[in-house]
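Visitor: I'm new to this one and would like a close look at a single part. Could you pick one kind of residue and walk me through where it sits?

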Amino acid sequence: MKQNQQDHPPTGPLPNPLPSLTASEGCSRPQKVCLCPFLPLHPLHISTHLYIIQHPAEESKVLRTVPLLAACLPQDKCKVKIGRRFSEERDPELSNVCRKSDTLILYPGAEAANLEEFILDSPTYPSTIIIIDGTWSQAKDIFYKNSLFRLPKQVQLKTSISSQYVIRTQPTNRCLSTLECAAAALSILEKNNYIQETLLRPLQALCSFQLQHGAQIRLSKEHLLKNGLYPKPMPKNKRKLRKMELLMNSVKI
């Protein structure tokens, strides 16, 4: 899932790599575009359990961020569940996690508490956080059509962080990639800013590499619409047209 915010990453030199792993061993990318030098030498030590609920369509996307996230974390602390529908029968483990009082789900909305404020007042410190990985429409579909995901406490990020993932088009100027959401949330829960810096390093390298090899910075739909740069004709469908109008007026959808 992508939460709010966006900006441009540096397009100059790549960030300084950490000590190198065997080529492509950690990032699962072809050797000539290997990002292993930008991964931590050892998985980050965290106490929080992270569950990524990934829409099946994300699996085939070349520039997805979840593999980079998983490569930075211990296998027993980061689990990726792929699918559209989840239930107690289909996934007893996930059902059990969702029913625990110390589990959170990161999904923005009117009923979501600010994560930083919530952990200050919560009688039980969170041990697990769930994040949905997909486009906004995919994440919305997964969240609202799976009753399990309404059991954990719903939280959102209130942060001034600007996204550095500009090689994929976002709906608004305030969108974060799944990796960036996880980096921000884990740094808050673990009370350790180094976690965020470390998780963002391979993403920065990925974007810099792509931009240096012909990729273009992808401006958000919101920016394109507001500045008369949207390349497609406006939709005739009233529901889709209404969404476009809301984007132009910076209304959260």
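Guide: Let's start with a word we'll need: a residue counts as exposed when its relative accessible area is over 50%, and as buried when that area is under 20%. Keep in mind that this is a predicted model.

Now take Ser60. Its relative accessible area is 64%, so Ser60 is exposed by that cut-off. You'll find Ser60 in the loop that runs between strand S1 (49–54) and helix H1 (66–72).

For a contrast, hop along to Ser187, which is part of helix H5 (residues 178–189). With a relative accessible area of 5%, Ser187 falls under the 20% mark and is therefore buried. Here too the side chain meets a backbone oxygen: a polar atom of Ser187 lies 2.8 Å from the one on Ala184. Leaving aside residues up to four places away in sequence, Ser187 also touches Asn192, Asn193, Ile195 and Gln196.

Zooming out, the chain has eight helices and six strands. From the N terminus on, they follow the order β-α-β-α-β-β-α-β-α-β-α-α-α-α. Of the 253 residues in the chain, 51% are buried, and Ser187 is one of the buried ones. Finally, among contacts with a separation of 6 or more, 76% are between residues 24 or more positions apart.

Terms used
Residues are numbered from 1 along each chain as its sequence is written. This is a predicted model: local features need pLDDT of at least 70, side-chain atom pairs count only at pLDDT 80 or more; totals for chains, interfaces and linings use all residues. Side-chain values use heavy atoms; hydrogens and water are left out. Helices (H or I, at least four residues) and strands (E, at least two) are DSSP runs, numbered from the N terminus. Buried means under 20% relative accessible area, exposed over 50%, partly exposed in between (1.4 Å probe, protein chains only). A polar contact is a pair of N or O atoms within 3.5 Å; within protein, one must be able to donate a hydrogen and the other to accept it, and residues adjacent in sequence count only if both atoms are side-chain atoms. Contact means heavy atoms within 4.5 Å.
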